[in-house]
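Visitor: I have a chain open on my screen and would like to talk it through. Could you go over it with me, one topic at a time?

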Amino acid sequence: MQKLSLSQSLQQKLSPQQIQFIKLLQIPTAELETRIEEELEINPALEEGMDEEYDTKDEFDESGEYDDKDDYSDRSDDLDIDGYLANDEFAGYKMQGDGSYNEEDREMPIATMSSLMDSMTQQFGYLRLSDDQKAIGLQLLGSIENDGYIRRSLQAIVNDMAFSQNIFVDAEEVEEVLHMIQTFDPPGIAARDLQECLLLQLRRKDSSDPYVQLAIRIIQEFFEEFSKKHYDKIQRRLNVNDEALKRVVDIIIKLNPKPGSVEGDDSTVQYLMPDFLLTNNGGKLELTLNSRNAPELKISRSFADMLDTYDKSNKTNKNLKETVSFVKQKLDAAKWFIDAIKQRQQTLLKTMNAIVRYQYDFFLTGDENKLRPMILKDIAQMIDMDVSTISRVANSKAVQTEFGIYPLKYFFSEGIATDSGEDVSSREVKNILKDMIDTEPKVNPLSDDKLEKMLNDKGYNIARRTVAKYREQLNIPVARLRKQL
């Protein structure tokens, strides 16, 4: 039997405006311009233009403190639509040919380069092939990935041609055309795996060289042992001395494992754009928000005039009421977007100010050993914000210093206890670990157990599994794979 019951519960839900602000906060500077352009297109009540000037620079003294009396919170007066009615200045959208010229608006020439596909297609055009072979070749060229490999099976290519082009061939015909394409430049192109890629490049070298012949045999017969650096097994099987094996290894490691990367492609190079600029001015750190984070936006004067027209008109007109309702909606949206941009600037500066104060010694000297252990909660408590807000800022923003550009998440690290009872940053431990591995004997690399003992001898209480975790985070292979002849 069903029963009806009443229950009360307290739930916290984010408003649409809060959700939009969260999305606006976490996007990086490079994407902010695109977001603003989208808002300008969909909201005619929003225009580009300076409404009021404000400073986006904070200065730190030698103690790492800064004066926040002139923060954004003192300038966050609500935008009053009536105030726009009294403003006689008018600035519409930027027009072409208005006589203004901005140095930053110039279109800079971009160097062009041929893509990998362009190069392959050009070389393919020199082959004398039948119609079926041309179709096979184009299908193979389309299957080449960015790194230069063809990872699809030949049978899958045969099936594709049968179903999509109604061309019936067998795997042997496809392989025959594949061997032709594998003679193209760059060497190793269109290989199906790393072993074939290396062999294609070795076969282009001087075949009379005995070390090249030995390299081909090692890759053909002992590829697994070579990839795992089991050199002693290879020496016993081939009966070669250390000097010969070393020369062969030198030949192989100079080959290109990704032949597709030597050609240009159509992808655009991505640059890290800093959100903050930090300079050292005579011992005082000056933090500046990137100007791209402070766009010049204001409410359209013409839209504000519509409300004045409505006050002087017949308010019983239904069509006019609908128009005014639309205008008010757009004005509210524009006002909220401008406020959200300013709140974004305020949140970014408050967060970065706290990070600079916490890691003040590092920003003065650039010495990574002076990085203090810092977690998201530390910054959240300093500026009385939620940890999730700090996380959104830290995961997508970067700061430009005199020592380079750093993502904010670089400064967050866990603490490691030392014998003296102090906590040091895991970043410092990683630097020491990297130095140990860089100076280790390459013939007999240090194992994780030995690294653990050496770190413990230096006073860092760290376990072997932590050593392995830090080594993997530094993209350093295990000792066996670091071995060199």
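Guide: Gladly, and please keep in mind that this is a predicted model. One place to begin is helix 6, where what covers the buried residues includes helix 5 (131-142) and helix 7.

Visitor: Which residues of helix 6 are buried?

Guide: Helix 6 spans residues 154-164, and L154, I157, V158 and M161 are buried in it. Seen down the axis of helix 6, these buried residues fall within an arc of 105°, so they line one face of the helix.

Visitor: Why would residues with that kind of spacing point the same way?

Guide: An α-helix has 3.6 residues a turn, so residues three or four places apart point the same way.

Visitor: And what does the face turned away from the buried side of helix 6 carry?

Guide: That face carries the exposed residues F163 and S164. Just after helix 6, N166 takes a positive phi of about 60°.

Visitor: Where else is there a positive phi in a residue other than glycine?

Guide: N239 has a phi near 55°, and N475 has one near 60°. N239 is found in the loop between helix 11 (231-238) and helix 12, while N475 lies in the loop between helix 20 and helix 21 (479-482). As for the background, most residues other than glycine have a negative phi, and most peptide bonds are trans.

Visitor: Are N239 and N475 buried or exposed?

Guide: N239 counts as exposed because its relative accessibility is 69%, and N475 counts as exposed because its value is 71%; the cut-off for exposed is over 50%.

Visitor: Changing topic, how do helix 9 and helix 12 cross?

Guide: The axes of helix 9 (residues 210-221) and helix 12 (residues 242-253) come within 9 Å and cross at roughly 75°, which means that helix 9 is roughly perpendicular to helix 12.

Visitor: Which residues meet there?

Guide: From helix 9 there are Y211, V212, L214, A215, I218 and I219, and they meet A244, L245, R247, V248, I251 and I252 of helix 12. The residues of this contact divide into 11 nonpolar, no polar and 1 charged.

Visitor: Take L214 from that list: what is it in contact with, leaving aside its neighbours within four places in sequence?

Guide: With those neighbours left aside, L214 is in contact with L238, V240 and V248. The C-alpha atoms of L214 and V240 are separated by 9.6 Å, although the two residues are 26 apart along the chain. L214 counts as buried because its relative accessibility is 15%, where the cut-off is under 20%.

Visitor: What about the largest nonpolar core?

Guide: The largest nonpolar core has 48 residues, and those with the most contacts inside it are M352, I355, F363, I379, L408 and F411. Helix 14 (residues 318-358) gives the most to this core, with 14 residues. Apart from it lies another core, of 23 residues, among them L116, I144, L154 and I189. In soluble globular proteins, nonpolar side chains tend to be buried together.

Visitor: So what does M352 touch, again leaving aside neighbours within four places?

Guide: M352 is in contact with F276, L287, F363, V399 and L408.

Visitor: Over to helix 17: where do its buried residues fall?

Guide: In helix 17 (residues 387-394), T389, I390, V393 and A394 are buried. Seen down the axis of helix 17, they fall within an arc of 130°, so they line one face of the helix.

Visitor: Last stop, where is A463 found?

Guide: A463 is found in the loop between helix 19 (448-457) and helix 20 (464-473), and it counts as partly exposed because its relative accessibility is 25%. In helix 20, the buried residues include T466, V467, A468, Y470 and R471.

Methods:
Residues numbered from 1 in each chain as written. Predicted model: local features only at pLDDT ≥ 70, side-chain atom pairs only at ≥ 80, totals over all residues. Heavy atoms only, no water. Helix = DSSP H or I, 4+ residues; strand = E, 2+ residues; numbered from the N terminus. Buried < 20%, exposed > 50% of the residue type's maximum accessible area, 1.4 Å probe, protein only. Core = buried A, V, L, I, M, F, W, Y, C linked by side-chain atoms within 4.5 Å. Contact = heavy atoms within 4.5 Å. Axes fitted to C-alpha atoms, helices over the stretch in contact; angles between N-to-C directions. Parallel < 35°, antiparallel > 145°, perpendicular 65-115°, else oblique. Nonpolar A, V, L, I, M, F, W, Y, C, P; charged D, E, K, R; others polar. Arc of directions from axis to C-beta.
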